[in-house]
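I am opening a notebook page on one protein model and going through it a topic at a time.

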Amino acid sequence: MTTRRNFLKGGAAAATGIVFCSCGLLHGAHAQQPPRQKLPVMVGGKRIKTIDIHSHCHFREAGALLGADAAKFQLPPVNNAAEAFIEVDKRLAAMDAQAVDMEVLSINPFWYDRERDLAGQIVKIQNEKLAELCASKPDRFAAFASLTLQAPDLAVQELETAVKKQGLKGAAIGGVVNGVEFADPKFHPVWAKAEELGVPLFIHPQGVPELSKRFSGNGWLVNTIGNPLETTIALSHLIFEGTFDRFPRLKVIAAHGGGFLPSYADRSDHACLVGPKGCNPDIKLKKAPTEYLKQIYFDSLIFSPEAIRHLVAQVGASQIVLGSDYPYPWQLQPVDHIFASTSLSDDEKADILGRTAAKLFDFAA
């Protein structure tokens, strides 16, 4: 179509089993809700495999490696925090209730400030546990690998092992690594490896701690504003520093609808024309900044049919994939949310609900 352009509660005690967590608050219901969808989901008379690419998990064994520091990575005080550590059968029941066929699990990075060996051990455990879970329920679970991004050479090895030997479908990364933006050349080997393997990288923000004083007060602004702002910054650096030009086949998925960038993307096209002294004359982008949004994927966790309509107008329905942030109740019925978007055609709904993700991850649709 034509377009416009933290962690583990009680982690110090090792325990076995698979546990899940995420990052959100309940949003207000819209006045007009569509009929509740059930499995199997049908669009235009055709069965669609629904794939939620934004769902989180943690493993107690990994948290135990933090020792005394585990207390720093308590789960945030959000609704249903006590339910973050759940049984697999309960997760499957919740997926059934949401009309979600498959979840692509990810773990928000809490190890970027750890030294190399410890971070590597944490990542090793997590990737092994993710692979074990996915192998046990291959029709219901897939996963993004964790990476020791503060050590790019190690991250390259981890990504190759995760994809080629463990069956993981890419990697989940934060929005910055110890203050170093992803556009920094030190990360080029990681992006090159992801491009070579043909797997996506899922950017999930961790907030902007430099603004903690401004974010204090009512409204949980560290998350409400901070998380989408970090994604906006990360994507903007990848665009303006020429990273997407250097790696044109790099597949990036941005959580929370890409933060604020798609909502005000056209300003990016004017910035260097208005203020050239704020731009590097040695970096000559191959296309307008907004054009790079067409090679980024965005999850659907933006709450309203109007927000979906605008995102589609900016980037195209083919660039949007289903996301819920489960188990926290940002969007408890993510499939219903897409059906409520009357601006979408049946083909566009089918793409967002699962067909695009099936192609990205090489799943059987």
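My entries on this structure follow.

**How I read the model.** I am working with a predicted model, in which local features need pLDDT of at least 70 and side-chain atom pairs count only at pLDDT 80 or more, while totals for chains, interfaces and linings use all residues. Residues are numbered from 1 along each chain as its sequence is written, and side-chain values use heavy atoms, with hydrogens and water left out.

**Cysteines.** I began with the disulfides, counting a pair of cysteine sulfur atoms within 2.5 Å as one. My search of the whole structure found 1 disulfide, which joins cysteine 272 to cysteine 279 with an S to S distance of 2.0 Å. I noted that such a link is a covalent bond between the sulfur atoms of two cysteines. The link of cysteine 272 and cysteine 279 is left-handed, with -90 degrees about the S-S bond.

I then looked up accessibility, where buried means under 20% relative accessible area, exposed means over 50% and partly exposed is in between (1.4 Å probe, protein chains only). Cysteine 272 counts as partly exposed because its relative accessibility is 31%, and cysteine 279 is also partly exposed, at 25%.

Next I looked at the second largest pocket. For this I used a 1 Å grid over the protein atoms alone: a pocket is an open set of points with protein on both sides within 12 Å along at least five of seven lines, a cavity is a set of points where a 1.4 Å probe fits but cannot get out, and lining residues have an atom within 4 Å of a point. Grid points are joined across faces, edges and corners, and a volume is the space filled by probe spheres set on the points.

The second largest pocket holds about 590 Å³ of space. Of its 21 lining residues, Phe240, Ser268, Ala271, Cys272 and Cys279 lie nearest the centre. Which helix gives the largest share of this lining? I found that α10 does, with 6 residues; helices here are DSSP runs of H or I with at least four residues, strands are runs of E with at least two, and both are numbered from the N terminus. The lining divides into 12 nonpolar, 6 polar and 3 charged residues, where Ala, Val, Leu, Ile, Met, Phe, Trp, Tyr, Cys and Pro count as nonpolar, Asp, Glu, Lys and Arg as charged, and the others, Gly among them, as polar.

Serine 268 has its place in helix α10 and counts as buried because its relative accessibility is 16%. Leaving aside neighbours within four places in sequence, serine 268 is in contact (heavy atoms within 4.5 Å) with Phe240, Leu261 and Pro289.

Of its 78 residues, Leu149, Ile173, Phe182, Trp191 and Leu353 touch the most other members. Helix α3, residues 116-136, gives the most to this core, with 8 residues. Another core, of 17 residues, lies apart from it and includes Val104 and Phe363.

The largest cavity has a volume of about 40 Å³, and its lining includes Ile173, Phe182 and Trp191. That lining divides into 8 nonpolar, no polar and no charged residues.

The peptide bond from leucine 39 to proline 40 is cis, with omega near -5 degrees, and the one from tyrosine 326 to proline 327 is cis, with omega near 15 degrees. Aspartate 325 has a positive phi of about 70 degrees although it is not a glycine, and its place is in the loop between β10 and α12. I found aspartate 325 buried, with a relative accessible area of 0%.

Key
Core = buried A, V, L, I, M, F, W, Y, C linked by side-chain atoms within 4.5 Å.
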